[in-house]
Amino acid sequence: MVGWPVGHSRSPLIHKYWIARYGIAGDYRREAVALQDFPAFIANLRARGYVGANVTIPHKEAALRLSEPDNRALAVGAANTLWLEQGRLRSTNTDVEGFIDNLDAHAPGWDKALEKMVVLGAGGAARAVIAGLLGRGARRVQVANRTPERAQILRERFGAAVQPAGWDELMPLLDGADLLVNTTSLGMTGQPKLEIDIRLLAPRAVVADLVYAPLETELLRQARARDLRAADGLGMLLHQAVRGFLLWFGITPEVTPELRALVERDLAER
Ligand code: NAP
């Protein structure tokens, strides 16, 4: 994991678990690399003994620029995973499938008859979520953001299927919505609350929250209290790690209850 800072990342825990489980003679390390040192670092990945890397803040855009991205990284405009392919440095963005695979795991069939989808937030995570939803055939995604201009920029990136809205338009958007996704940092430990009433959502709506600290956010609590299906941020974090491991080590790893419990314990301790 290459970032600055990099100490908070749970990715080492996840990949080390799989490395041990599949008996791979390898390792997954944290590398604290400052912005100006990033190009030289990734240019010499192989010489440093690496077959690839995860990339986090502040390097995701540089990782895209300095590699050969796949369509997912291009759609999101940022890369979080690098791998070496016949000497070429390739990149992708695994948050896209992390989000979608987590929904498939926790709310199978979520994508049948989706008329009204609402995404809260318009940052990097929202771009991955929207790319995933459009890739799954969504024809219309309403994006509500505190700064409406950023939601408008997403329409320019993804096209007319994205319908930008301001935060003050939230109530009519939620009315009858089938899918609600929080991609803002609201509700996260140390951040302001996500003040939202989900009683207006459709009776069989699915709710996803990307925030994973706390594990059960107030949004997810409200969803479960209403008996709605819910997909949490930790599930996305675990599912997004799968393809990186596959690209580096050639094995599709399993997201097991044991792995989830391991990361849950770590989240509870910090
Ligand atoms: P980002 O690019 O900084 O975007 C943050 C978003 O939150 C923006 O839409 C911002 O609105 C909104 N926001 C922040 N404070 C707000 C407030 N007080 N009121 C209203 N809106 C507010 O961050 P990001 O990379 O998209 O990440 C967002 C969240 O997703 C973080 O909590 C991150 O941990 C989580 N995430 C989870 C996973 C996972 O695997 N579970 C993966 C990626 C990200 P403005 O545009 O108005 O500033």
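Which helices each supply at least two residues of the shell around the ligand? Keep that in mind while you load the model, which is predicted.

**Stop 1: the ligand and its shell**

Select the ligand. The space it takes is the largest pocket. Now show the 22 residues around the ligand. Ala125, Asn145, Arg146, Thr147 and Arg150 come nearest. Colour the shell by residue class: 10 residues are nonpolar, nine are polar and three are charged.

Helix H6 (124-135) and helix H10 (233-249) answer the opening question, each giving at least two residues to the shell. H10 contributes three residues, the largest share.

**Stop 2**

Pick Asn145. An N or O atom of its side chain is 2.7 Å from an oxygen atom of the ligand. Asn145 is also among the residues that come nearest to the ligand.

Move to Ala122 and display its backbone. A backbone N or O atom of Ala122 lies 2.9 Å from a ligand oxygen atom. Then go to Leu237, again showing the backbone. There, a backbone N or O atom lies 3.4 Å from an oxygen atom of the ligand. On its own, the ligand has 930 Å² of accessible area, and the protein covers 76% of that.

**Stop 3: an aromatic pair**

How many aromatic pairs does the structure hold? There are six. Select one of them, Tyr22 with Phe245. A pair of aromatic rings is described by the distance of the centres and the angle of the planes. Here the centres are 6.1 Å apart and the planes make an angle of 50 degrees, a tilted arrangement.

Tyr22 is in the loop between helix H1 (11-21) and strand E2 (31-32). Phe245 is in helix H10, the helix that gives the shell around the ligand its largest share of residues. The pair links distant parts of the chain, 223 residues apart.

**Stop 4**

Where is Pro58? Look in the loop between strand E3 (52-54) and helix H3 (60-65). The peptide bond joining Ile57 and Pro58 is cis, with omega about 5 degrees.

Jump to Pro214, in the loop between strand E11 (206-209) and helix H9 (218-225). The peptide bond from Ala213 to Pro214 is cis as well, and omega is near 10 degrees.

Finish at Gln86. This residue is in the loop between strand E5 (81-85) and strand E6 (88-92). Check its phi: the angle is positive, about 45 degrees, although Gln86 is not a glycine.

Conventions: Residues are numbered from 1 along each chain as its sequence is written. This is a predicted model: local features need pLDDT of at least 70, side-chain atom pairs count only at pLDDT 80 or more; totals for chains, interfaces and linings use all residues. Side-chain values use heavy atoms; hydrogens and water are left out. A residue is near a molecule or strand if one of its heavy atoms lies within 4 Å of it. A polar contact is a pair of N or O atoms within 3.5 Å; within protein, one must be able to donate a hydrogen and the other to accept it, and residues adjacent in sequence count only if both atoms are side-chain atoms. Accessible areas come from the Shrake-Rupley method with a 1.4 Å probe; for residues, only the protein chains shown count as cover. On a 1 Å grid over the protein atoms alone, a cavity is a set of points where a 1.4 Å probe fits but cannot get out, and a pocket is an open set with protein on both sides within 12 Å along at least five of seven lines; lining residues have an atom within 4 Å of a point. A molecule sits in a cavity or pocket if more than half of its atoms lie within 2 Å of its grid points. Helices (H or I, at least four residues) and strands (E, at least two) are DSSP runs, numbered from the N terminus. Ala, Val, Leu, Ile, Met, Phe, Trp, Tyr, Cys and Pro count as nonpolar, Asp, Glu, Lys and Arg as charged, and the others, Gly among them, as polar. Rings of Phe, Tyr and Trp (its six-membered ring) pair if their centres lie within 6.5 Å; planes under 30 degrees apart count as stacked, over 60 as edge-to-face and the rest as tilted.
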